[in-house]
Amino acid sequence: AYIGSSADDTLYAFDLKSGNVCWSYTTGGPIRFAPQIVAERCYLASDDGYVYCLNALTGEPIWQFHAAREQRQI
């Protein structure tokens with residue numbers, strides 16, 4: 001299971017059998033929407049203005065894209 005947190009800006013990957021955290025990845029802003037898992041890749045958006053692609057099994061970053069028009073955070 002993959003759960004994004006708006007409290008600590010972190011995406012968590014959980015093992016459903018044990019309930020343990022397999023890995024986590026912290027972004028520069030809250031994660032308000034559910035991540036999408038496709039072919040062992042995890043896609044997520046953060047309020048830091050970036051879209052991220054992570055390895056869904058390890059949490060290692062594959063790429064990130066600055067999707068916001070400007071570097072402005074409120």
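**Close-up 1. Salt bridge between aspartate 47 and arginine 32 in the predicted model.** The side chains of aspartate 47 and arginine 32 meet at 2.4 Å, N to O. Aspartate 47 belongs to the loop between S5 and strand S6 (50-55), and arginine 32 to the loop between strand S3 (21-26) and S4, so the contact ties together parts that are 15 residues apart in sequence. The structure holds one salt bridge. Side chains of opposite charge can pair when their charged atoms come close.

**Close-up 2. Solvent accessibility of the two partners, aspartate 47 and arginine 32.** Arginine 32 has a relative accessibility of 53% and counts as exposed, because the cut-off for that class is over 50%. Aspartate 47, with a relative accessible area of 36%, is partly exposed.

**Close-up 3. Positive phi at aspartate 9.** Aspartate 9 is situated in the loop between strand S1 (2-4) and strand S2 (10-14). The phi of aspartate 9 is near 60 degrees, a positive value in a residue other than glycine. Most residues other than glycine have a negative phi. The relative accessible area of aspartate 9 is 21%, and the residue is partly exposed; the class of buried residues is limited to values under 20%.

**Close-up 4. Positive phi at glutamate 40.** Glutamate 40 is not a glycine, yet has a positive phi of about 65 degrees. The loop that holds glutamate 40 runs between strand S4 (36-38) and strand S5 (41-45).

Terms used
Residues numbered from 1 in each chain as written. Predicted model: local features only at pLDDT ≥ 70, side-chain atom pairs only at ≥ 80, totals over all residues. Heavy atoms only, no water. Helix = DSSP H or I, 4+ residues; strand = E, 2+ residues; numbered from the N terminus. Buried < 20%, exposed > 50% of the residue type's maximum accessible area, 1.4 Å probe, protein only. Salt bridge = Lys/Arg side-chain N within 4 Å of Asp/Glu carboxyl O.
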